[in-house]
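Okay, thanks everyone. I'd like to walk through the pockets and cavities in this one, so let me put it on the screen.

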Amino acid sequence: MKAINVGLIGFGNVGSGLVSIIRERKTFLSEKTGSEIALKKIFDKDIVSKRKVSVDKKLLTSDINEILNDPQIDIVVELIGGIHPAKEFITEALKKGKSVVTANKALLAEYGKELFALAKDRNKSIYFEASVGAGIPLIKALREGLVANKFNSVYGIVNGTSNFILSQMSAQNREFDDCLKDAQKKGFAESNPTLDIEGFDSAHKLIILTYLCFGLIVESKEILIEGISNISLSDVIYAKELGYEIKLLAIAKKEGSELEVRVHPTLLPQAHMLSSVTGVFNAIYVSCDLAGDLLFYGPGAGQLSAASAVASDLVDLTQSIKAGLFRPTLNILPDNTIKKLRAPEDFISKYYIHFITADKPGVLARISGVLAKFGISIASVTQKERYKSQVVSIVMITHQAKEKDLKHALQILSKLEQIKQKPVAIRIEEV
Ligand SMILES: NC(=O)c1ccc[n+]([C@@H]2O[C@H](COP(=O)([O-])OP(=O)(O)OC[C@H]3O[C@@H](n4cnc5c(N)ncnc54)[C@H](OP(=O)(O)O)[C@@H]3O)[C@@H](O)[C@H]2O)c1
């Protein structure tokens, strides 16, 4: 049985999970696949600290060249995360004729185009199953299982931290800050949670999903990105009273010949399957023309979950290497019915709007008047009882409106003396 040699870059959380899988499932995997995955070297900047899994010291190195320059290493697994030096290590590995497995969504979102082109040029592959949804076998399903399909849309809850916070707010009637602290205490949020709660991590994953579903590599700056840090408990409660849950969604959907790519808090009907995805779980809801609507669901993070996806990539690669085949990383064609990305100001959506206003007659008429001027009609309106002296909450659901029109109307309304706080507007998706 030919052993396929692996060099691991990054002996952290996922890296040590992978090491334990390779060790503990060695026979299981080789019996299944007919090839042996042999861990030849592990690089990390810290090779002294004790890890959850112990390894022979001879395997460890703090010199990256012991992996990159070793002609016997067939596959390099990058699990250090971040952009630099991960990009340089992967680039060098490809140039040295090695295939690559990575879980690094941030890197692929920023430099995927360049790295995939290099891999193709060198007849090598980059596999990245763990980069979205960790152990949920999503990427292989989109790339291979659904290869005959054309995609209409993908809606993802792809950030466990944000989903945990929103679910706690909804289930326990607690404010955002309180739920964020809870997430940090439980290890579900970083001490600096910006990447997760402001939507950037979801945007990284959306770039990968957009590539897989529509064959387009979009840049972060082309995506509308809004996070959840401005969502208040009152909005979560009012949304629930109206039959909705608030979720941070990563959305790519075709609208005629245009593609909308966006990340933002969204009101989803409670009956929708994504509304029942709670806690740190992830779910990706894909609509395609042959297989129909599909939901991929599971833990979107975790040492063994992510390592399971990396192991699956390793097995795929070992099979190709053993058969002497070159399998292109992504044999995905751009959807040629998409002529351009839709500009955010042209997005059309129903909206939930929350105004805090003076408790005086005529305020509602004034608001409706301004909205009407911009062609925005109201589907429902509720006035909440006064909760502080002299101010009330007015909650509206609009019919479909253009983003540009809503923004203009809200700018004007914000300046009115009767409007006491910047109105909150959240898009509604009926999916
Ligand atoms: N954790 C998950 O659930 C999960 C799920 C899906 C995907 N991923 C992705 O998997 C990758 C690894 O995540 P992780 O959770 O395993 O991270 P981690 O625990 O921080 O592990 C990274 C390891 O690489 C080391 N390292 C970082 N920069 C280095 C450098 N420049 N040179 C040498 N060593 C370096 C780190 O050392 P120090 O600790 O000393 O910095 C650490 O030992 C990331 O791309 C992440 O986005 C993670």
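**Cavities, pockets and the ligand**

Let's start with the lining of the largest cavity: seven of its residues are nonpolar, one is polar and one is charged. For those classes, Ala, Val, Leu, Ile, Met, Phe, Trp, Tyr, Cys and Pro count as nonpolar, Asp, Glu, Lys and Arg as charged, and the others, Gly among them, as polar.

Before I go on, the housekeeping. This is a predicted model, with local features needing pLDDT of at least 70 and side-chain atom pairs pLDDT 80 or more, while totals for chains, interfaces and linings use all residues. Residues are numbered from 1 along each chain as its sequence is written, and side-chain values use heavy atoms, with hydrogens and water left out.

Now, terms. Everything runs on a 1 Å grid over the protein atoms alone: a cavity is a set of points where a 1.4 Å probe fits but cannot get out, a pocket is an open set with protein on both sides within 12 Å along at least five of seven lines, and lining residues have an atom within 4 Å of a point. Points are joined across faces, edges and corners, and a volume is the space filled by probe spheres set on them.

Back to that cavity. Its volume is about 60 Å³, and the lining is L108, G112, K113, F116, F128, I207, I208, Y211 and I217. Helix 5 gives the most, with four residues; helices here are DSSP runs of H or I with at least four residues, strands are E runs of at least two, and both are numbered from the N terminus.

The second largest cavity comes in at about 50 Å³. Helix 2 (26-33) and strand 2 (36-43) each supply at least two residues of its lining, and by class that lining splits into three nonpolar, three polar and three charged.

For polar contacts, the cut-off is a pair of N or O atoms within 3.5 Å. A ligand oxygen is 2.7 Å from a side-chain N or O atom of D44, one is 2.8 Å from a polar backbone atom of V14, and for the side chain of R51 the distance to a ligand oxygen is 3.4 Å. The protein covers 71% of the 890 Å² of accessible area that the ligand has on its own, by Shrake-Rupley with a 1.4 Å probe.

The second largest pocket is about 800 Å³. Its lining has 31 residues, with N230, K422, P423, V424 and A425 nearest the centre, and helix 14 gives the largest share, six residues.

Last, some backbone geometry. H84 and P85 are joined by a cis peptide bond, omega about 10°, and N123 has a positive phi of about 55° although it is not a glycine.

Technical notes
Polar contact = N/O pair within 3.5 Å; in protein donor to acceptor, adjacent residues only side chain to side chain.
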